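Open the model in your viewer and keep the selection tool ready. The tour goes from one selection to the next and says what is there at each stop.

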Amino acid sequence: MLMKTLSHSPENEKSACPDAVEKLTSRFQSIFKFSSALRAAHAYKSKGVSVSEIFTFLVNLAFRNLSLFRALQLEGESARFSKDTCYRLLNSSSINWNRFLNVLSFNVMRWLDPLTSTDRKTTFIVDDTPFKRNRSRCVELAASQYDHSAHSYYTGFRCLCLAWSDGITTIPVDFSLLSSEKGKKALEDSYPNKRKRRSCGYAARCEAVSKATDALQACLKRVLSLGCRAQYVLFDSWFTSPAMLSKLREMDLHTVAMVKQSRTL
C-alpha cells in the first residue's frame, strides 16, 4: 500500500496563514476597535513592542495552526519579540481579560444592532464546560471536577460561559473559571500582602473559589453595567433556584429554564 504524507517544511508552515486571513483579522480589529478594548482592560507595556501587535500575533496562531514556539522559530531573526514577552503579557495580573471580552463583544453587538429587528427577542445564555488540565501538577487552584457528560472526574476548572444571542447570532460576552470552594484558605495564605489583593488577578481568583450562582451574578452585572441588554436569561436546571430567580428579577431579567424537582419550588 502506498501512503502519501504531507511535507512539514518551513515553507509550507509559513504558507498556512495566507494574506487573506491576516487581512480579515486586521479588518476585524479595526472595525470593532480591538486596541480600545485592550486599553479598557488595562493591557499596557512600558516599552518595546506594543500590546496590540503581540496579541494580534497570538490571535493569528489559531489560523496558522502553529504553536507559539514553532511560530517564533519560523520567524527566526526577524521576530520582534520572544516567547517570554508573550507569556509575561498573558500572565499579567493587572490585565482584566473579562473587561476585554466585555468591551469587544459590546462593540460587535452595537455593529449588529441596526441589522436586527426591534421585535426580535434577545437572551443571555449560560452554561459551563470542562476546562481540563489533567497533565498539570502545579496549576494554581486546579481542583478535581466531575464531568457530567462523560461521568468521570478530571483535574482542572469549570468554565462558566455567558453568551448573548438574538436567535441568529451568538456572541460570547463573559466567562469565569471556577475551581473549588475549598481553595479559599489557600488563596488567603498566598496573598499576605494586601496591596496585591487590589489586582485583577486576585479578583479572578476570589471568583474562582466562589459558588457558580454567585459567579453567574457577577458575570451578568459586568455586562449589564457596560450596556449589554437582553430580555431573558436561558440556563439549565442546575442554576434554577428561588434565590437565583429573585436576583435575576432585581436585574430586570426574565428566566427561561427547566425547573428541577424540589420542595422549595
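Select Asp174 first. In this predicted model, Asp174 has a relative accessible area of 2%, which is under the 20% limit, so Asp174 counts as buried. Arg222 forms a salt bridge with Asp174, and the closest N and O atoms are 3.0 Å apart. Arg222 lies in helix α10 (residues 212–226) and Asp174 in strand β4, so this pair ties together parts that are 48 residues apart in sequence.

Glu207 belongs to helix α9 (residues 200–208) and Arg222 to helix α10, so the pair ties together parts 15 residues apart in sequence. Is Glu207 buried or exposed? Its relative accessibility is 14%, so Glu207 counts as buried. With shared partners, the salt bridges join Asp174, Glu207 and Arg222 into one network. As a general point, side chains of opposite charge can pair when their charged atoms come close.

The structure holds 6 salt bridges. For another of them, select Arg80 and Glu53, whose closest N and O atoms are 2.7 Å apart. This pair links distant parts of the chain: Arg80 is in the loop between α5 (68–75) and α6 (83–90), while Glu53 is in helix α4, 27 residues apart. Arg80 counts as exposed, at 57% relative accessibility. Glu53 is partly exposed, with a relative accessible area of 30%.

Stay on helix α4, residues 51–64, and select Asn60. Asn60 counts as buried because its relative accessibility is 10%. Which side chain does the side chain of Asn60 meet in a polar contact? The partner is Thr25, at 3.2 Å. Apart from neighbours within four places in sequence, Asn60 is in contact with Glu22 and Thr25.

Next, select Ile31 in helix α2, which covers residues 19–31. Ile31 counts as partly exposed, at 37% relative accessibility.

Now go to the strands. Select β3 (residues 152–165) and β4 (residues 170–178), which pair in the antiparallel sense over 8 bridges. Ala163 stands opposite Pro172 in β4. The hairpin of β3 and β4 has 4 residues between the strands, and Gly167 in this hairpin takes a positive phi near 95 degrees. When you look along a strand, remember that in a regular strand the side chains alternate between the two faces of the sheet.

Thr170 also lies in strand β4. Leaving aside neighbours within four places in sequence, Thr170 is in contact with Ala163, Trp164 and Ser165. Select Thr123 as well: the C-alpha atoms of Thr170 and Thr123 are separated by 9.6 Å, and the two residues are 47 residues apart along the chain.

Finally, clear the selection and view the whole protein. How many helices and strands are there? The protein has 11 helices and 6 strands. Of its 265 residues, 36% count as buried. Among contacts between residues at least 6 apart in sequence, 62% join residues at least 24 apart. The protein exposes about 17100 Å², and carbon and sulfur atoms supply 54% of that area.

How values were computed:
Residues are numbered from 1 along each chain as its sequence is written. This is a predicted model: local features need pLDDT of at least 70, side-chain atom pairs count only at pLDDT 80 or more; totals for chains, interfaces and linings use all residues. Side-chain values use heavy atoms; hydrogens and water are left out. Helices (H or I, at least four residues) and strands (E, at least two) are DSSP runs, numbered from the N terminus. Buried means under 20% relative accessible area, exposed over 50%, partly exposed in between (1.4 Å probe, protein chains only). A polar contact is a pair of N or O atoms within 3.5 Å; within protein, one must be able to donate a hydrogen and the other to accept it, and residues adjacent in sequence count only if both atoms are side-chain atoms. Contact means heavy atoms within 4.5 Å. Two strands pair if DSSP finds at least two bridges between them. Accessible areas come from the Shrake-Rupley method with a 1.4 Å probe; for residues, only the protein chains shown count as cover. A salt bridge is a side-chain nitrogen of Lys or Arg within 4 Å of a carboxyl oxygen of Asp or Glu.
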